[in-house]
Amino acid sequence: MEHILADSGIADLDDGQNASLDSLIAQMLAAHPDLAVLSSVSGQALYHDTTLLSRTYAAILDRKGSPVILIAEEVRKNSAEYPRTLPVDLFEQPPFDLRVEEIEVSLKSMAVNPEYQDISMTITSTGSVHLFSSRYLERSYAAFLAERADTGLLLNP
């Protein structure tokens, strides 16, 4: 591994020092501010160039193998940061690309798992199902936001 890192110019290993991989990674991150680290759902550190791949998209790609985590984390993030609800059918679209069956199984799994008890749904007057996190949004406010999003009122000033 040290040979590969030395050949790539990441660190000068010819000085006889036995540098650890962690210090080499720290040097690389310090030298290249566009590199970012993402803690994967598997617990591994994943690295990416933020000029080529946003942190948000990198996190979505990492979670695609675990639909329950993907849905829950996107719902929580949107509820907390924007605040907004997410229509369930959004997860069928890119970049999520989940099948309807995967979404249904994930929602059923979340409903019985205490770790996901904050993931709730509301149904608009047109029958559209929206998800939100009760950690960040009260049910009545989430219903209001979903209704507005469903009827396109968010586009009006």
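This report describes strand pairing and aromatic contacts in a predicted model.

## Strand E5 and its partners

Strand E5 spans residues 129-133, and four of its five residues are buried, so that the strand is mostly covered. On one hand, E5 is joined to strand E4 (residues 119-123) by five bridges, and the two strands run antiparallel. On the other, two bridges link E5 to strand E3 (residues 86-87), again in an antiparallel arrangement.

E4 and E5 form a hairpin, with five residues between the two strands. Within this turn, Gly127 has a positive phi of about 90 degrees.

## Aromatic pairs

The model contains two aromatic pairs. In one, the ring centres of Phe91 and Phe96 lie 4.9 Å apart; the planes meet at 55 degrees, and the pair is therefore tilted. Both residues are buried: Phe91 has a relative accessible area of 0%, and Phe96 has one of 6%.

In the other pair, the ring centres of Tyr141 and Phe144 are 6.2 Å apart, and their planes are at 20 degrees, so this pair is classed as stacked. Both belong to helix H6 (residues 139-151), where a spacing of three residues separates them by about one helical turn. Tyr141 is partly exposed, at 38% relative accessible area, and Phe144 is likewise partly exposed, at 43%.

## A charge over a ring

Tyr82 has a charged residue over its face: Arg84 is placed there, at 4.1 Å from the ring centre.

How values were computed. Residues are numbered from 1 along each chain as its sequence is written. This is a predicted model: local features need pLDDT of at least 70, side-chain atom pairs count only at pLDDT 80 or more; totals for chains, interfaces and linings use all residues. Side-chain values use heavy atoms; hydrogens and water are left out. Buried means under 20% relative accessible area, exposed over 50%, partly exposed in between (1.4 Å probe, protein chains only). Two strands pair if DSSP finds at least two bridges between them. Rings of Phe, Tyr and Trp (its six-membered ring) pair if their centres lie within 6.5 Å; planes under 30 degrees apart count as stacked, over 60 as edge-to-face and the rest as tilted. A charge sits over a ring if NZ of Lys or CZ of Arg is within 6 Å of the ring centre and within 35 degrees of the ring normal.
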